[in-house]
Amino acid sequence: MPPSAVHFNGGVNLPDPATVMRTLAEQIPVGVRRLPDGETGGRSQWIGFQLPRVLSAPGLREVGGEDGAYTGGPTAALDGDTDPDTIDWGDLGYAAEYRKSYAVFTGLRDEGVVPAGVRMQAEYPTPVAVSMLFHPDDKDRIAPSYERALLADLDELVRSVPHDDLAVQWDVAVETVTIDQQPELLEPLTARLAALVDHLPAAVPVGLHLCYGDFEHRHMVEPKSLENQVAIANAVTRAAERAPAWISFTVPQDRDDEAYFSPLADLRTAPETEIYLSVVPYHPGKQAEGTTERQIALIDRHLPADARPWGICTECGMARAEREDVPRLIELHREILALHTPGS
């Protein structure tokens, strides 16, 4: 069964939420179920958005370090005898930004730009991801307090936006890479992901973005196949009380071999879970001709026969793409879908 829907993993390198949502809605007229606000401004740096808030929290001190692709950089450590349970994290900023974006979203819907039934999609990093900003010596002590603050921020968003208009995505990069390298951590880490899924009210769809990182379009580690991501999807499905509404999977743009896609045959997600695979390449000019078509054929071959219709996405959104490249990337979503969906 060919792809029939489009998913956006969050970031879009355009000036502001209004431009992002208008552009996505107008350029891709079918197959869109949720619209992100593009994670513009400080949120484009993913957990970097939290760094100044973490470093300025009373009771923490900055431990310096050199910035690197995926290692190094400043971290926060406990200052003296600070009780981590008493840290005042202040406003983490996500709910505040999404409330502003929701006003833009409803305005565009009133104009007829955003179709009825499309939800605004909010993205949150997992607490495990943000804990990378804590010094290793204190991480386990600080992380529970921060997790409560992050969930409180999410709860504030859920109170502020009608449930019928909202969808939430957890960005699962650190867990995906950790489990890839340490498979013995599959069950404990996916149990935590299941708890994040279950945290949302039943009326708010929640999805997972399985990711290998995208610093300068380079992964933290290279996925050998979809086996690790399928194992995570299956484990979360088993552990959660509710099924994820969608899961997006990483497909490097140069992989069109049987070995990469064959693990899809073992996928055991719930029937209501939408499946998205990142067959929209960041650098189409550097991709061998016909790769996307071969990827789609392999996905069709290996997805279980009872799987729901699936859809397409980029690996990590479009926040780190050059701004001049973003219109072409958006157009690629429409073109790929149109090739496989008559009348789209």
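A crossing is left-handed if the near helix is turned anticlockwise from the far one by less than a right angle, and right-handed if clockwise. The legends below use that convention. The model is predicted: local features need pLDDT of at least 70, side-chain atom pairs count only at pLDDT 80 or more, and totals for chains, interfaces and linings use all residues. Residues are numbered from 1 along each chain as its sequence is written, and side-chain values use heavy atoms, with hydrogens and water left out.

**View 1. Helix H3 against helix H5.** H3 passes H5 in a right-handed crossing. Helices (H or I, at least four residues) and strands (E, at least two) are DSSP runs, numbered from the N terminus. The axes of H3 and H5 come within 8 Å and cross at roughly 20 degrees. H3 is therefore roughly parallel to H5. Axes here are lines fitted to C-alpha atoms, for helices over the stretch in contact; angles run from 0 to 180 degrees between N-to-C directions. Angles under 35 degrees count as roughly parallel, over 145 as roughly antiparallel, 65 to 115 as roughly perpendicular and the rest as oblique. From H3, Tyr94, Ala95, Tyr98 and Arg99 meet Leu150, Asp153, Glu156, Leu157 and Ser160 of H5. Contact means heavy atoms within 4.5 Å.

**View 2. Helix H1 against helix H3.** H1 (residues 17-27) packs on H3 (residues 94-111) at an angle of about 40 degrees, with the axes 9 Å apart. That angle makes H1 oblique to H3. H1 contributes Pro17, Ala18, Met21 and Arg22 to the contact; H3 contributes Ser101, Val104, Phe105, Leu108 and Glu111. The crossing of H1 and H3 is right-handed.

**View 3. Leu157 in helix H5.** Leu157 lies in H5, which spans residues 139-160. Leu157 is buried, with a relative accessible area of 0%. Buried means under 20% relative accessible area, exposed over 50%, partly exposed in between (1.4 Å probe, protein chains only). Leaving aside neighbours within four places in sequence, Leu157 is in contact with Ala95, Tyr98, Ala122, Tyr124 and Leu166. Glu97 is 60 residues from Leu157 in sequence and 9.4 Å away in space, C-alpha to C-alpha.

**View 4. The open sheet and strand S5.** Eight strands form an open sheet with parallel pairing, in the order S1-S10-S9-S8-S7-S6-S5-S2. Its edge strands, S1 (5-6) and S2 (34-36), each pair on one side only. Two strands pair if DSSP finds at least two bridges between them. Three bridges join S2 to S5 (residues 119-125), and the two run parallel. Arg34 has Arg119 as its bridge partner in S5. Six bridges join S5 to S6 (residues 166-172), again in parallel. Here Gln121 stands opposite Ala167 of S6. S5 is mostly covered, with seven of its seven residues buried. One side carries Arg119, Gln121, Glu123 and Pro125, the other Met120, Ala122 and Tyr124, and all are buried.

**View 5. Asn228 in helix H8.** Asn228 sits in H8 (residues 227-239). Asn228 is buried, with a relative accessible area of 12%. Its side chain makes a polar contact of 3.1 Å with the side chain of Tyr212. A polar contact is a pair of N or O atoms within 3.5 Å; within protein, one must be able to donate a hydrogen and the other to accept it, and residues adjacent in sequence count only if both atoms are side-chain atoms. Not counting residues up to four places away in sequence, Asn228 touches Thr176, Ile179, Asp180 and Tyr212.
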